[in-house]
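Hi,

Here is the structure I said I would pass on. Have a look at it first, and my notes follow below.

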Amino acid sequence: MMPTKCQQLFKSLKDWQKRFSFSREQENRFLRTVAEQSDLFLRILTGFILIFQLYNICYVLIYTDARLHTVASRVYMLMYLFMLIFTLAVLKLRSAWRQRAPIPWERFTFLYSLYGGVLIFWSVCLTLYDQRVSDNLNVYLIVSLSTAGLIYMKPSFSITVYMFSEILLLIQLPYFQQGAISENYGKYVNSVCLALVACFISLYRNYTLRQSFLNQETIDQQRLEIEGQNKKLDYIANHDALTGLGNRYCLDHYVADLVKNGARHRAAVLMIDIDFFKQYNDTFGHLKGDQCLRKVAETMEKLAVPGKLFRYGGEEFLCLMTDLAEWGDGYLTSIALCWGVEGLELPAADTQKNVTVSVGCTEGIMASQEDFMNLLNQADKALYTAKNTGRNRAVRYGDSSPFIEEDGAVGK
C-alpha cells in the first residue's frame, strides 16, 4: 500500500514538472516577466531593509556613545553594516544591468533569489544572537514570510534555502538560549512550522507565476491566431482572388479615406478594359483567360505607379491617381498602359493581333465621394469612346471631336 502511494506521489511530481517545463525561449520570456514583476517588490523590500539597517546602526552608535565598547555592540554593528553594504551592492548591480541591451533577465532573477537567500540566512544569524537576551523569532518570521511572498525563487533553490536555514536554526538555538531544550520545545515547533509555511508560499508563488504565464501565453497565441484570421478575412474581403488587386469594396474604402475631412486632391481616374476578352475566353478557355488577366494586371500595376490599380469587374480595371504633379500625368499613364499591355505580345483571339487594352481617362479635383463618382462617370464615357473608335487606345475625356484624342491612338 505504501509503495503505491509513493509511486503516485512521484508520478504527480513528474507530471507537475513536465507541465511547467518550458522551452528555452519560453523560459527566457518567463524570467523576463518575473523579473519585471519582482523588480517593484525588490525595490520596496530593499528600501525597507536600508531604512531598517540605518536605524539600527544609528541606534547602536547612540546607545554606546559611538564607542562600541561591548562585544555585542560590535557584532550587531557588523551584521547591520554587512546587510546595508550587500543591499547597496545589489541595487548598484541591478542599475548597471538595467543599462545593458539586451537586459540579462536571467541574471536579474538569480540576483533576486540570491538576495532573498542571503537575507534569510542573515535573519537566522540575527535571531540566534538575539536569543541571549530575548526568546522571540520575530526577525526570522518576518524576513522568511516576506521573501517567500515577494521574491521569486526556483523550487530547488527555495527548498534548499528554507530547509538549510531551519536546520541551522535548530542546531544552534540550544547554544544561545537560556534554559533547557525541553523548556523551548514550543519555539522549535513554531520555527519548523514557519519554515514549512514559508517554503509552501514560495513554491505556491512559483506555481501561480508559471500558471499565469502559461495562461497569458495561451491568450496571446489565440489573439495572434484571431488577428491572423482577421487579416486573412480582411484581405479576402478587399482583394480580388485572381489578380490580388483591390476590389470595388476596397476602392470604396480607399476613396472614403482620401476625401475624409474634406481633403482635396488633383486626381485622375482611368477606366481600363481588355479588348475582345470574351472572344479570348471562347477561343483559349477560361484557364488561359485567367492567366491573361493575371499577366495584364501585373504589368499595369507596375506601370500605374504612383496610382493604385483595382479590378473593377470582369475584364475591367480602374486606376486612381491622386496628388498629380502635373495635369496630364493621368493621360500619359493611360498611354503607357496601352503600350505596356501590347508589349506583352500575348496572342489574341485574332491570330494577327496581340492582347490590348482600351483606356478612358479624366482628371479633376476630388474632394468628396460625389466628385469621385463624377470623375468615374467621365472616365467611363471616355472608355466607351475609345472602344468605339478602334480600341487599343487611350482617350481623354473633354477633348475635342468629341472625347477623342486622335494623337493618342496607340498601336495602329
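Let me start with Leu-128, which counts as buried because its relative accessibility is 6%, and the cut-off for buried is under 20%. Keep in mind that this is a predicted model. Leu-128 sits in helix α4, which covers residues 105-130. If you skip the neighbours within four places in sequence, Leu-128 is in contact with Leu-168, Leu-169, Gln-172, Leu-173 and Phe-176. Pro-174 is 46 residues away from Leu-128 along the chain, yet their C-alpha atoms are separated by 9.5 Å.

Next, a helix pair. Helix α2 (residues 24-63) packs with helix α7 (residues 185-238) at an angle of about 120 degrees, and the two axes are 11 Å apart. That angle makes α2 oblique to α7. The crossing of α2 past α7 is right-handed. On the α2 side, the contact is made by Gln-26, Glu-27, Arg-29, Phe-30, Thr-33, Val-34, Gln-37, Ser-38 and Phe-41. From α7 come Arg-205, Leu-209, Arg-210, Phe-213 and Glu-217. Sorted by type, the residues of this α2 and α7 contact are five nonpolar, four polar and five charged.

One more spot to look at: Asn-281, in helix α9 (residues 277-284). Is Asn-281 buried or exposed? Its relative accessible area is 15%, so Asn-281 is buried. Not counting residues up to four places away in sequence, Asn-281 touches His-286 and Gly-289.

Cheers

Methods
Residues numbered from 1 in each chain as written. Predicted model: local features only at pLDDT ≥ 70, side-chain atom pairs only at ≥ 80, totals over all residues. Heavy atoms only, no water. Helix = DSSP H or I, 4+ residues; strand = E, 2+ residues; numbered from the N terminus. Buried < 20%, exposed > 50% of the residue type's maximum accessible area, 1.4 Å probe, protein only. Contact = heavy atoms within 4.5 Å. Axes fitted to C-alpha atoms, helices over the stretch in contact; angles between N-to-C directions. Parallel < 35°, antiparallel > 145°, perpendicular 65-115°, else oblique. Left-handed = near helix turned anticlockwise from the far one by under 90°. Nonpolar A, V, L, I, M, F, W, Y, C, P; charged D, E, K, R; others polar.
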